[in-house]
Amino acid sequence: MNSRRTKSVFAAVSALAVLALGATACASSDQASTGSGSGNASAADPGGEKIKVVASTDVWGSVVTAVGGDKVEVTSIIHDPSADPHSYETTASDAIAAKNAKLTLSNGGGYDEFFSKLADQATGAQKLVAVDIAATGNENEHVWYSLPGVEKIADQVAAKLGEIQPASKDAFTANATAFKGKTEELLKKVSGLGASGGKVVATEPVAHYLLESAKVTDATPPAFAAAVEAEQDVPAAALNEVKQLINGKQVKALVNNAQTTTPVTQQVVGDAKTAGIAVVDVTETLPQGVTDYIAWMTKAVDALAGALK
């Protein structure tokens with residue numbers, strides 16, 4: 001079995017440990033769990049208390065921040081590019097953040113199962129699940145690459161925040177509209193990039209929806225994609241097919257999940273570089289130093305556009 005790069009995994013904490021931390025943990029929990037893309041807490045807003053929001057990843061935390069602005073205090077549980085939502089185990093500070101939350105936003109679709117027990121502790125919170133809202137009709141759970149889906153999620157975030165803080169409802173709606181204006185520009189930019197018949201292969205189907213919007217043909221053998229995503233050995237026939245597509249320059253780009261590295265993905269990335277095939281790196285969470293969803297997605301769209309040209 002191929003091994004993924006070692007990712008940060010935190011020890012599970014029992015309910016007794018959570019209680020034992022008490023007030024001390026309360027004082028530090030937000031800073032410990034809030035990532036660079038999550039809108040760190042600042043001084044209280046003169047117009048009212050900030051709405052505490054907990055998101056499963058900093059991608060969704062950045063969307064909430066874009067909509068909520070300075071009226072929200074967002075804690076993103078996964079805010080480290082090396083952390084894996086599939087294997088993450090919650091901490092005491094995570095549990096405290098969830099308990100105090102007025103709104104939670106998770107990805108769903110089996111991607112961030114750790115968040116379900118946190119949501120259970122957020123007894124007084126409105127709860128949103130991105131996969132359910134995006135309603136793509138596809139089982140691929142990486143819906144943050146679906147620009148139309150993200151627009152729906154922004155609208156729902158604005159609606160829920162407005163219910164929690166009615167005095168700021170118009171501000172949330174305006175912020176969501178501004179955010180969607182930027183995603184629409186990105187959608188226009190990406191639409192039709194593959195109309196000339198461009199094909200790509202991918203190490204994992206992470207950017208599926210972005211490729212779909214671009215009308216780019218993903219020529220990756222299903223057996224290859226399924227094996228890498230499931231952390232299983234890639235069938236020799238599937239690997240050979242990918243290598244032939246790359247070495248024969250039958251594709252314009254290799255779309256690579258930069259956060260999952262195995263001997264097989266390293267091999268095909270090396271083959272692509274040797275063959276002069278563009279490598280478009282995509283990620284599942286915000287890269288180090290990036291805090292804004294639009295800036296992150298713009299970089300991905302620009303990289304794809306450059307590769308397809």
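In this report, a residue is called buried when its relative accessible area is under 20%, exposed when over 50%, and partly exposed in between, with a 1.4 Å probe and protein chains only. By this rule Trp-296 is buried, because its relative accessibility is 7%.

The structure is a predicted model, in which local features need pLDDT of at least 70, side-chain atom pairs count only at pLDDT 80 or more, and totals for chains, interfaces and linings use all residues. Residues are numbered from 1 along each chain as its sequence is written, and side-chain values use heavy atoms, with hydrogens and water left out.

Helices are DSSP runs of H or I with at least four residues, numbered from the N terminus. Helix α12 covers residues 293-308 and contains Ala-303. Ala-303 has a relative accessible area of 35%, so this residue is partly exposed.

A nonpolar core is a set of buried Ala, Val, Leu, Ile, Met, Phe, Trp, Tyr and Cys residues joined through side-chain atoms within 4.5 Å. The largest such core has 56 residues, and Trp-60, Tyr-145, Leu-161 and Tyr-293 touch the most other members. Helix α12 gives the most to this core, with nine residues. A second, separate core has 18 residues, among them Val-201 and Leu-239.

**Aromatic pairs**

Rings of Phe, Tyr and Trp (its six-membered ring) pair if their centres lie within 6.5 Å; planes under 30 degrees apart count as stacked, over 60 as edge-to-face and the rest as tilted. The count comes to seven aromatic pairs, including these two:

| Pair | Centre to centre | Angle between planes | Type |
|---|---|---|---|
| Trp-144 and Tyr-145 | 6.2 Å | 45 degrees | tilted |
| Tyr-293 and Trp-296 | 6.0 Å | 70 degrees | edge-to-face |

Trp-144 and Tyr-145 are both buried. Tyr-293 is likewise buried, with a relative accessible area of 1%. Within helix α12, Tyr-293 and Trp-296 stand three residues apart, about one turn of the helix. One aromatic cluster is formed by Tyr-111, Trp-144, Tyr-145, Phe-179, Tyr-293 and Trp-296.

**Contacts of Tyr-293**

Contact means heavy atoms within 4.5 Å. Leaving aside neighbours within four places in sequence, Tyr-293 is in contact with several residues, including Val-59, Val-63, Trp-144, Val-150 and Phe-179.

Technical notes: Helices (H or I, at least four residues) and strands (E, at least two) are DSSP runs, numbered from the N terminus.
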